[in-house]
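User: Hi! Could you walk me through this structure in plain words?

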Amino acid sequence: MDWALLLDKTILIVIIFAVSLGIAAYSTYGERKIAAFLQDRVGPDRAGPFGLLQPIADGVKMFTKEEIIPNASDKFLFIVGPCIFMMTALMTSAIIPWGKSFNFGGHEFGLQVADLNVGLLYLFAVISIGGYGIMIGGWASNNKFALLGALRAASQMISYELAMGMSIVALLLINNSLSLREIVDGQAGDGNVWNVVRQPIGFLIFLICAFAECNRAPFDLPESESELIGGYHTEFSSMKLGLFLFAEYINMFISSAIIASLYFGGYHFPGIDSLDLPQNIAAIVSIAVLFAKILFFIFFFMWVRWTLPRFRYDQLMNLGWKILIPLSIVNVLVTGAWITFFK
Amino acid sequence: MSLYLFLTLAILTIISALAVVFSKNPMYSVLWLIVCFFTIAGHYVLLNAQFLAIVHLIVYAGAIMVLFLFVVMLLNLNADTEPHKSNLSKIASAIAAGLFFVVLIASMRATELGEFNLPNKTNIGFVEEVGKKLFTDFLLPFEISSVLFLSAMIGSVLLAKKEKK
């Protein structure tokens, strides 16, 4: 066992964990500010300057609310549900390359927890397990609205995973690798462009599926409050509700990071190599570039939420099965033909 | 190190597999089965077959068990709706299980345990290797199984459509 490696990875995991939680907390603030901006309101402005302490106030509120576990619920699974949801939300960040490596006096400090050679498949495995958190939580509540929300979430996730997988297949054909770092590096350097240019339709499909997998509007049917009260988290209160809501923002952050890495060059930007920066400064710049892209996509998630109305359930299923899946299969075929005949 | 990992995983696998059978609530059975799949995926990783491990998780834990959970959630499972089993079937199942146990013991006695050395650095379970094998040595079985899947898909769509009318 290499202790230096173990220490490196532990430090990195703790940092990523803290950053994920911090970004998720301030996403809730950002969400309300952007909603206010789009609806011509002021938004939260009471706690601290510009309302910047609002996430902390929300956190204190969540923790101090009364903890209610319904009598007729399955008490063990009722607690396990939100825990699984939160855990899977945090697990995906392990494969994302956050930037170029640092060099502290000859000691390389890489910014990726695990460079799996099956990285993208790991991503899919974790996403598909994330659905269990909602399903278990919804079922254990012993409430018909929660159960309906859970079933909706599960079927929505299964349906959109297929199209998402097919859009990734086309990406793999171009990049020849399942490792996220190799995909990111394949988009930089001479003659290489971002994957969004090479795979515009694949990107569109992936983006739509990412919205559906995160249960974000316009696909937030599992919790659609106008028909299902609160959907799968109807019975949850206090910090267990907080975990569900918080994990949604972490999911959004991680999906933004993955979209940025897969289709928008990750921590690269055109001309980063011609600047000829010292290694540590280049690493900082690359992190900043990645986070700029991530923040843009988080903003995009919110922008869409406050612009588009919610889909009807049959519309959601039609879009998934009858439009996105055939489209993604055609995309794979076209990509394959292009590689066979023009490369 | 890998021996201890193997032992831990093996014990967890057996415990979770037993829990599937002994759970009173079918919901818990399904959840224990998912735990069991995770531990089996762990075994694949120990054998350096990362691709198989991940695909195992995606297909079994991620897709098939979601459908299982789906069905179990929709069933109305109470003690009073449970079908009452007659004594005859209980006796028959006990005899069958006993006979199977005897066969198992007999066959285990006759088996000789061979030496098995795990090759330390093989890439046999990696995506590239699996893909090459599938598209060269095992092309025909691979294609035939895809036809099987296609027919199963069409069949299930047909069944679902028939019920509507």
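Predicted model: local features only at pLDDT ≥ 70, side-chain atom pairs only at ≥ 80, totals over all residues.

User: Thanks! How many helices and strands does chain A have?

Analyst: Chain A has 12 helices and two strands. Going along the sequence, the order is α-α-α-β-β-α-α-α-α-α-α-α-α-α.

User: What share of chain A counts as buried?

Analyst: Of its 343 residues, 53% count as buried. As for contacts in chain A with a separation of 6 or more, 80% of them come from residues 24 or more positions apart.

User: Switching to details. What is there to say about phi at Asp40(A)?

Analyst: Asp40(A) has a positive phi of about 60°, although it is not a glycine. Most residues other than glycine have a negative phi. Asp40(A) sits in the loop between helix 1 (3-38) and helix 2 (54-64) of chain A.

User: Buried or exposed, that Asp40(A)?

Analyst: Exposed: the relative accessibility of Asp40(A) is 74%, and the cut-off for exposed is over 50%.

User: OK, and where is Asn142(A)?

Analyst: Asn142(A) is in the loop between helix 4 (119-140) and helix 5 (144-175) of chain A. Its phi is positive too, near 60°. Asn142(A) counts as exposed because its relative accessibility is 51%, and exposed means over 50%.

User: Then there's Asn215(A). Buried or exposed?

Analyst: Buried, with 2% relative accessibility. Asn215(A) lies in the loop between helix 8 (200-213) and helix 9 (225-228) of chain A.

User: Which residues does Asn215(A) touch?

Analyst: Not counting residues up to four places away in sequence, Asn215(A) touches Ile134(A), Gln156(A), Met157(A), Asp220(A), Pro222(A), Glu223(A) and Glu248(A).

User: What about Ile127(A), where is that one?

Analyst: Ile127(A) is in helix 4 of chain A. At a relative accessible area of 18%, Ile127(A) is buried, since buried means under 20%. Leaving aside neighbours within four places in sequence, Ile127(A) is in contact with Glu161(A), Met164(A) and Glu213(A).

User: And how are Ile127(A) and Ala94(A) placed?

Analyst: They are 33 residues apart along the chain, and their C-alpha atoms are separated by 13 Å.

User: Let's move to the interface. How many residues of chain B and chain A take part in the contact?

Analyst: The contact takes 23 residues from chain B and 22 residues from chain A. Between them, chain B and chain A bury about 2,000 Å², with 80% of that area on carbon and sulfur atoms.

User: How many salt bridges and polar contacts there?

Analyst: There are zero salt bridges between chain B and chain A. Two residue pairs are in polar contact across this interface, both at pLDDT 80 or more.

User: Which elements of chain B give two or more residues to its side?

Analyst: Those are helix 2 (26-46) and helix 3 (50-74) of chain B. The largest share, 15 residues, comes from helix 3 of chain B. By class, the side of chain B that touches chain A has 20 nonpolar, three polar and no charged residues.

Conventions. Residues numbered from 1 in each chain as written. Chains lettered and ligands numbered in written order. Heavy atoms only, no water. Contact = heavy atoms within 4.5 Å. Buried area = accessible area lost by both parts, 1.4 Å probe. Salt bridge = Lys/Arg side-chain N within 4 Å of Asp/Glu carboxyl O. Polar contact = N/O pair within 3.5 Å; in protein donor to acceptor, adjacent residues only side chain to side chain. Helix = DSSP H or I, 4+ residues; strand = E, 2+ residues; numbered from the N terminus. Nonpolar A, V, L, I, M, F, W, Y, C, P; charged D, E, K, R; others polar. Buried < 20%, exposed > 50% of the residue type's maximum accessible area, 1.4 Å probe, protein only.
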